[in-house]
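Please open the model in your viewer and keep the selection panel at hand. The tour goes from one selection to the next and says what is there at each stop.

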Amino acid sequence: MTLRALKDAAITALVALGLFVPLVGLRTDVGPSGELVLRQRWGDVVILVALAFVGRLALLGWRGWRGDPKPASAARTEALRKAGLFVAPVLLGLAVLLPFIPGTGRYELDLGILVLTYVMLGWGLNIVVGLAGLLDLGYVAFYAVGAYSYALLATTFGLSFWICLPLAGLLAAFWGVLLGFPVLRLRGDYLAIVTLAFGEIIRVVLLNWVSLTNGPNGISGIPRPTFFGLTFSMSGEPDTFAGFFGIEPSPVHRVIFLYYLILGLALLTNWVSIRLRRQPLGRAWEALREDEIACRALGINVTTTKLTAFALGAMFAGIAGSFFATRQGFISPESFTFIESAIILAIVVLGGMGSQIGIAIAALVMIGGFEVFRDLDEWRMLVFGGAMVLIMVARPRGLVGHRTPSVVLRERRAIGAEHVAEGHG
Amino acid sequence: MATPILETDTLTMRFGGLVAVDAVTFTAQRDDITAIIGPNGAGKTTLFNCITGFYRPTGGALRLFRDGAPVELHHLAGHRIARAGVARTFQNIRLFPGMTALENLLVAQHNTLMASTGFGIGALLGAPRYRRAQKAAIAKAVHWLEVTDLLARADDPAGALPYGQQRRLEIARAMCTDPLLLCLDEPAAGLNPRESEELSALLRMIRDGGCSILLIEHDMGVVMGISDRIVVLDHGRKIADGTPGEVRADPRVIAAYLGEGDEGEDAA
């Protein structure tokens, strides 16, 4: 055992040596008279190789001490499900009370709004990726469609936010169907590539169609939302929020209003997805993820089922997008780059595809954590990436990998991740 | 007086130069169990895939007789064939492994349930019409779970069931679509003798319940025991068609498939 561990560690050290000799051992520097000099740092190489050797030994020792990893038992899956039942109301209560918790300032509320926007986007994408199993890498396109729909409708026609909100959702859903049609026959990697391209096309069009979208300069002066017609201005007039309720005007009012608005929208998304999961349509989505051919043999129209998933997912992105536009007051194509799609997808995957609570926690950790580690500067991305790798190693099916049945005869039991399919597009 | 349920008329399926099904004409009668047998590569599964809409036949016609009126299956899209009343199971079981047995049976009733949701809105708001439909669907699922002896496993994921139970669940799922014709692709494959016996009883019960059955099977014990009629394929052509007794005595069938000598079970 010890001999094998030593041999293993030696091989690790050898690999480390091969890597670090060119990477660390040799360094080109600018010499005193401007020429390139080769500096050798063999001491550092020795330290790193020794670290790799000792680290590998420690890892093997720990594994030997711990024994074989226990497979996820039904009892553990069940315990996790029960814990989820408890965590969800607590999180919801916290979210509702956040503006009134002492010590909550403008910064915390803004962060809360940001997190909730991503929670909503995650829940929306979950319909497409988690339930229907269609890998969508261009989700941000619908977010952009929603944002620009609101911005253009509001600045051009002067329509109010509350009229534009459903309109933006419908327009995004329309684009979801438009994307859905050509990609219906694609699966897996191919679907991912086409959706990725679609996301980029939307962004490039927004960037170049200057007469409509004002190109890279974006659209500014987007009207702020009103509270049933009452604006949040500082004047204290009777037709403002503060004036009507006779309270001291404060800029925080609008932030609190926006916070509750996005909380309500996110909860609407959640409610719709939870309800739909227990219905024929939602079950057909999940069946599609599990086995498309069997679905066809059962008389399920695969085309419309996929299109509804795309449309509904896109609709919620569109609604979130118009919220984003009204909150920022300014949008430009820069806000809708591929990295946004990647972050939303990462939230869904890390949270556990198909799990509402898992996605909420993942959004909180990823977006909130990203803010918390702001002090780390350039190390932030490294910490972030490392954390993602760690989660995926520890829980390869996401934080909440199990699935809860949509209907039960006798008792509700969680279904372990090992049975649930991931979908192949 | 026997009435036909399914009729194929010079049905042909070509893959490039390969003729997998060559002008096969046969008729399956209502309330019969019709078996299709033949050596490996004879075109049985291809024929099945044509009937159930997974392939579009290159030539010929397929007619399903629904209330006496023929439905031209070869013109229908895949999922519409299932709606017309043809259900199928697969040679390598295709359940929804991450969903419970009960959920599997509810997915099978998708179209009936969907019709009662009012474009999803009614069901979203919990309309009574949808709740009634859901209750009826669960009752039907429970009925088939009882028939297939799976009621105790209703809330278990389909992927966790043992092989024999998965086979039965797939049949139950197909029956939940209310088919006129149930097409089974090697339902006895991998079953032990006792399970095969139970399967035969189940298939007889389904037939007596008014659903005709089309069956591909290599287990001659099952085929000879329950079939009312047997169609034999070889190299894509039909070489015999008749009752089990007639087929067993047919010299061409013996040469192509059953083999010389005794009962024929050895060759299976």
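The stops below take the chains, their interface and some salt bridges in turn.

This is a predicted model, in which local features need pLDDT of at least 70 and side-chain atom pairs count only at pLDDT 80 or more, while totals for chains, interfaces and linings use all residues. Residues are numbered from 1 along each chain as its sequence is written, chains are lettered from A and ligands numbered from 1 in the order in which they are written, and side-chain values use heavy atoms, with hydrogens and water left out.

Begin with chain A and colour it by domain: the assignment, which is automatic or comes from a database, gives domain 1 (3-66) and domain 2 (81-421). The centres of domain 1 of chain A and domain 2 of chain A, taken over C-alpha atoms, are separated by 44 Å.

Next select A:Arg56 and A:Asp8, which form a salt bridge with their closest N and O atoms 2.8 Å apart; the term stands for a side-chain nitrogen of Lys or Arg within 4 Å of a carboxyl oxygen of Asp or Glu. This pair links distant parts of the chain, 48 residues apart, with A:Arg56 in helix H2 (residues 42-66) of chain A and A:Asp8 in helix H1 (residues 2-25) of chain A. Helices (H or I, at least four residues) and strands (E, at least two) are DSSP runs, numbered from the N terminus. Over all chains, a search of the whole structure finds 26 salt bridges.

Now move to chain B, whose secondary structure comes to eleven helices and ten strands. Its radius of gyration, taken over C-alpha atoms, is 19 Å, close to the 18 Å that the globule rule (2.2 Å times the number of residues to the power 0.38) gives for 268 residues, so chain B is as compact as a globular protein of that length. The C-alpha trace of chain B spans about 65 × 40 × 40 Å along its principal axes.

Then show both chains and select the residues in contact (heavy atoms within 4.5 Å): 35 residues come from chain A and 45 residues from chain B. Chain A and chain B bury about 3400 Å² between them, 64% of it on carbon and sulfur atoms; buried area is the accessible area (1.4 Å probe) that two parts lose on being put together, summed over both.

Finally, zoom in on A:Arg403 and B:Glu103, whose side chains meet in a salt bridge (2.7 Å, N to O). Across the interface of chain A and chain B the rule finds two salt bridges.
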